Amino acid sequence: MAAAAANPPAAQSIPLLTPHKMGKFDLSHRVVLPPLTRSRSYGNVPQPHAAVYYSQRATPGGLLIAEATGVSHTAQGYPETPGIWTKEQVEAWRPIVNAVHGKGGVFFCQIWHVGRVSTTDYQPNGEAPLSCTDKGVTPGLDGVNWSPPRPLRTDEIPQIVNDFRLAARNAIEAGFDGVEIHGANGYLIDQFMKDSVNNRSDQYGGSLENRCRFALEVVEAVVNEVGPDRVGMRLSPFADYMETPDSDPEALGLYMASSLNRFGIVYLHVIEPRMVKIGDRLETPHSLRPMREAFKGTFIAAGGYRRDDGNKAVAEGYADLIAFGRLFLANPDLPRRFELDAPLNRYNRATFYIPDPVVGYTDYPFLEDSS
């Protein structure tokens, strides 16, 4: 499809609504649906209502990234999140992917392993969650009594890498256009990379290069399985989600952005540094600009963007694409609303993670429904 076909002349003056070539994909605009956990995949199996939800947010030439999807039976840490390690799960994803493709959308599947962000309730045979460390998440954080993790033995790590490889293959079999490797937000890959968590003394711990070894082995395995043009990665070097800060996030981010170039992956998706208190005011002391300049593929920025600052980031070359999480969740026709500068639906945080197949999921009105 021609990327410009979905962009009338009036939209061309809005940076977010201009076309972008992402590898072999012709995107018609730069508004991305990022992965958003919705906790509506009963028994870790994607459900038919997800086809409605994702297709509502699909547009010709628009990029959607599916919610974080487990790579194995040890990867789970939250209720009713989807997986892609069984044949049943692959078959359940297929009609959902078809629904997005029916609207002309480009659909990637985010593949993850939560690592220590889990409890024995989610683990096979009630075993301890797996991580790079025996240091657990503080019990009670986010209202969950997280279980102490077990550090992976060096000889077990290739099996986890292989789980990511097989999940990527399954995603392509289900019809996805590609996969996004989840290396952010305090989950397993991030746990290996961050020096506040990783206390290993083998080749996966210590130096920056060693701490990033697992992440890059996963990337290499996935790229070898499905091809670099079908692989993206998400990172959050500046974040401390689930107690995973790093002492030198600039070095970590730059090392990963540069290292990913050798695999030729199609995009890098990075979460913006949060504002922090410096003295008596809030400031953002870090920037994604060095990572953006180091990485050779498409660069996606995420983190509290709205229409105006999203347009500014694209216009200034700070990012190629902008991910809008809560706004896209609450506004299934977000690109259209941005085109018209129309009012936005307010999101309801209380319904983000409830298991209801409609409420807070597929019942947000479109512009024509609310006028």
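Author: What follows is a chat about the sheet, some helices, the aromatic rings and a few single residues.

Author: Before we start, please keep in mind that this is a predicted model, in which local features need pLDDT of at least 70 and side-chain atom pairs count only at pLDDT 80 or more, while totals for chains, interfaces and linings use all residues. Residues are numbered from 1 along each chain as its sequence is written, and side-chain values use heavy atoms, with hydrogens and water left out.

Reader: OK, in what order do the strands of the open sheet come?

Author: The open sheet has 8 strands in the order 3-14-13-10-9-8-5-4, and their pairing is parallel. Strands here are DSSP runs of E with at least two residues, helices are runs of H or I with at least four, and both are numbered from the N terminus. Two strands pair if DSSP finds at least two bridges between them.

Reader: And which strands stand at the edges?

Author: Those are strand 3 (31-32) and strand 4 (63-70), and each has a single partner strand, so one side of each is left without a neighbour in the sheet.

Reader: How many bridges join strand 8 and strand 9?

Author: Strand 8 (residues 178-183) and strand 9 (residues 231-235) pair in the parallel sense over 5 bridges, and G232 in strand 9 is the bridge partner of E180.

Reader: What does helix 3 touch when it packs on the sheet?

Author: Helix 3 touches strand 5 (106-112) and strand 8, and its direction makes about 155° with that of strand 5. Helix 6, in turn, lies across strand 5, strand 8 and strand 9, running at about 160° to strand 9. Such angles run from 0 to 180 degrees between N-to-C directions, and the axes are lines fitted to C-alpha atoms, for helices over the stretch in contact.

Reader: At what angle do helix 3 and helix 6 pack?

Author: Helix 3 (residues 157-173) and helix 6 (residues 213-226) pack at about 35°, and their axes are 9 Å apart. On the helix 3 side the contact (heavy atoms within 4.5 Å) includes I157, I160 and F164, and on the helix 6 side it includes F214, V218 and A221. By class, this contact has 11 nonpolar, no polar and 4 charged residues; Ala, Val, Leu, Ile, Met, Phe, Trp, Tyr, Cys and Pro count as nonpolar, Asp, Glu, Lys and Arg as charged, and the others, Gly among them, as polar.

Reader: New topic: how many aromatic pairs are there in the whole structure?

Author: A search of the whole structure finds 16 aromatic pairs. Rings of Phe, Tyr and Trp (its six-membered ring) pair if their centres lie within 6.5 Å, and planes under 30 degrees apart count as stacked, over 60 as edge-to-face and the rest as tilted. The rings of F107 and F176, for example, have centres 4.8 Å apart and planes at 50°, so this pair is tilted.

Reader: Where do F107 and F176 lie?

Author: F107 is in strand 5 and F176 in the loop between helix 3 and strand 8, so the pair ties together parts that are 69 residues apart in sequence. Both F107 and F176 are buried, where buried means under 20% relative accessible area, exposed over 50% and partly exposed in between, with a 1.4 Å probe and protein chains only. They also belong to one aromatic cluster with Y53, Y54, W93 and Y361.

Reader: Is helix 1, then, mostly covered or mostly open?

Author: Helix 1 is mostly covered, as 7 of its 9 residues are buried, among them H49, Y53 and Y54. What covers the buried residues includes strand 4, helix 2 (87-102), strand 5 and helix 10 (325-330).

Reader: And A58, is that buried or exposed?

Author: A58 counts as buried at 5% relative accessibility, and this residue is found in the loop between helix 1 (48-56) and strand 4. Leaving aside neighbours within four places in sequence, A58 is in contact with L64, V100 and K103.

Reader: Last one: which phi does M242 have?

Author: M242 has a positive phi of about 50° although it is not a glycine. Most residues other than glycine have a negative phi. M242 is found in the loop between strand 9 and helix 7 (249-260) and counts as buried at 10% relative accessibility. D142 also has a positive phi, of about 60°, but D142 counts as exposed at 61% relative accessibility.
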